[in-house]
There are 2 protein chains.
Amino acid sequence: MSGNREIHLASRPQGWPTAENFRLVTTDVPTAADGQLVVRNLVMSVDPYMRGRMNDVKSYVPPFRLDAPLDGGAVGEVVESRADGFAPGDVVLHGLGWREYALLDAKAARKVDPTLAPVGAYLGVLGLTGLTAYAGLLEVGGMRAGETVFVSAAAGSVGSLVGQIAKLKGAARVVGSAGSPAKVERLRELGFDAAFDYHDAPVRDSLRAAAPDGIDVYFDNVGGDHLEAAIGALRPHGRAAICGMIAQYNDSEPPAAPRNLALVIGKQLTLRGFLVNSHNHLRDQFVTEMSGWLRDGRLHHDETVVDGIENAPEAFLGLLRGQNLGKMLVRL
Amino acid sequence: MSGNREIHLASRPQGWPTAENFRLVTTDVPTAADGQLVVRNLVMSVDPYMRGRMNDVKSYVPPFRLDAPLDGGAVGEVVESRADGFAPGDVVLHGLGWREYALLDAKAARKVDPTLAPVGAYLGVLGLTGLTAYAGLLEVGGMRAGETVFVSAAAGSVGSLVGQIAKLKGAARVVGSAGSPAKVERLRELGFDAAFDYHDAPVRDSLRAAAPDGIDVYFDNVGGDHLEAAIGALRPHGRAAICGMIAQYNDSEPPAAPRNLALVIGKQLTLRGFLVNSHNHLRDQFVTEMSGWLRDGRLHHDETVVDGIENAPEAFLGLLRGQNLGKMLVRL
């Protein structure tokens, strides 16, 4: 049997990561002990939050270890099972990506049905990505029909779903920001009422033009000047669901914070950070609703797919530079 | 009858206000038209939010007009009534302070019972000040028994009530910050578990020493470095009830914003600004509970009283400089 290739963290990035922070390592294919599975990975996810785990700081998930494989969401096929309920050929969702073969406890794997949707969907629209959009918009942001919604990084995997779910749930107006003319065009195709390229003008000005009467909900993937512009545009009792601050992940300097934060008082705004794992109680409702919209062709999900584990670091770097449209996946 | 003295806004302050921004003006005592009352004010309130109204900017309350009397909470005695239900001698709460005689529509006045509490209490502990503390801590901050609470400007009228209500509602630990050793001492007398003078050390360090296991609720009267320290100390699912940002009211520069705002994501924090007038539905419960605690001697409220309308500007300036202990009132 050929070896198992995996990507290790070779060094911790200072500021923007580079290819030199990663190392391709070949090891033996593992064998299962009692209660374990060996899974040949088919597809893995690269996500912005992984940048934070490359720093050696305490956070909501532990940092990646140096000289060890990275990890993250993946779907693969069971090739060896020493656990009840799993057999070779089963397709499972689990958390040990960044490697061709994963050795895992069976209780850390969840079977998925590859006939219902392409396996990559379980890492995206029907997985944590989709639940992040759904829970953040509806539960954290509390969006109600008739409201105006603004989402940043709107052509990304989460953002593009946020905008579409908002429209499907009756938002009066949905505005998105993105980082290229092609992405802006894609947002219009996806049904956004307005979209702008944040390079074109100060975000505050672009947002005011796109939502002259203000906004009710802001779904934040970016932080920085986007958050400041949103605080300025939010109407009384508005809410910001804060999912990410990608603008700040690679800053060595303390990040720029919104200078207009005092507006939260007079406008009675709520800014709420969230993690998807606090919203698992929505999962059944989410899967039912989202799979229905997918089946009816009312919900679209973009994927950018890169082939080969050796290209996973470049896929991740491209994600941070905004080179993806929708969910960024690596096919192994 | 002698004249009616009132305080006008002579010019809009740039940065810190000074005595020159105010003017004492003598006018005629007004007379009531149908449906109106003339009230001789007994006591008036000066409050930090009035600083914001001195700027010519759109906010949640309209700006004060130049060359016209300021306004704000006051209690006075009806001296002329041309409205049903009011008679000379009635004591009423209304919004036209900063003048010796107020002319107002009867529907803008609310009768209070001067035998139940000193009339100043209706501007403080049993009025909007008390409701601000009560609603902000319990409804906006969602404090539950067993939690740790931090309040800034804790020797002020709102802050001193926040800390005491927290203890009465079962907080495990209550920490306050204030601006002088005498105020810190007063917080200890009021039952705060820990208190510090924010001049002594960076707020972050003082707060860490006072609440080494972190905090669950932050009641913000200050903004700036206090808010940043609180965001750092808040535990997962912690809440900040943002009532004021007095540190920033007199800044001509854009205010310093918390540089650690991205922590709201991983810790799933909620920052919520509020205005007391959105919480009037709590008024009955508030009055019942607060007056019970007052009667039992379990709730203390400090007042700093200045005599004479000619000294109202100085009382306001002293408030901004932190020279008050508890509620700042002017007796007319």
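**Stop one: two helices in chain B**

Start by selecting Leu128(B), Gly130(B), Leu131(B) and Tyr134(B) in H2(B), which meet Arg283(B), Gln285(B), Phe286(B), Glu289(B) and Met290(B) in H8(B); contact here means heavy atoms within 4.5 Å. Sorted by class, this contact has 5 nonpolar, 2 polar and 2 charged residues. For those classes, Ala, Val, Leu, Ile, Met, Phe, Trp, Tyr, Cys and Pro count as nonpolar, Asp, Glu, Lys and Arg as charged, and the others, Gly among them, as polar.

Before you move on, some ground rules: this is a predicted model, where local features need pLDDT of at least 70 and side-chain atom pairs count only at pLDDT 80 or more, while totals for chains, interfaces and linings use all residues. Residues are numbered from 1 along each chain as its sequence is written, chains are lettered from A and ligands numbered from 1 in the order in which they are written, and side-chain values use heavy atoms, with hydrogens and water left out.

The axes are lines fitted to C-alpha atoms, for helices over the stretch in contact, with angles from 0 to 180 degrees between N-to-C directions.

**Stop two: Tyr101(B)**

Stay in chain B and pick Tyr101(B), in strand S6 (residues 101-105). Is Tyr101(B) buried or exposed? Tyr101(B) is buried, with a relative accessible area of 14% (buried is under 20%, exposed over 50%, partly exposed in between, with a 1.4 Å probe and protein chains only). Leaving aside neighbours within four places in sequence, its contacts include Gly3(B), Asn4(B), Pro30(B) and Val79(B). Draw a C-alpha to C-alpha line from Tyr101(B) to Val79(B): 9.2 Å in space, 22 residues apart in sequence.

**Stop three: chain A**

Switch to chain A and colour by secondary structure to find 9 helices and 15 strands. Zoom out, and the C-alpha trace spans about 65 × 45 × 35 Å along its principal axes. Of the 332 residues of chain A, 56% count as buried.

Last, select H2 (residues 128-140) and H8 (residues 283-295) of chain A, whose axes come within 10 Å and cross at roughly 100°.

Terms used. Helices (H or I, at least four residues) and strands (E, at least two) are DSSP runs, numbered from the N terminus.
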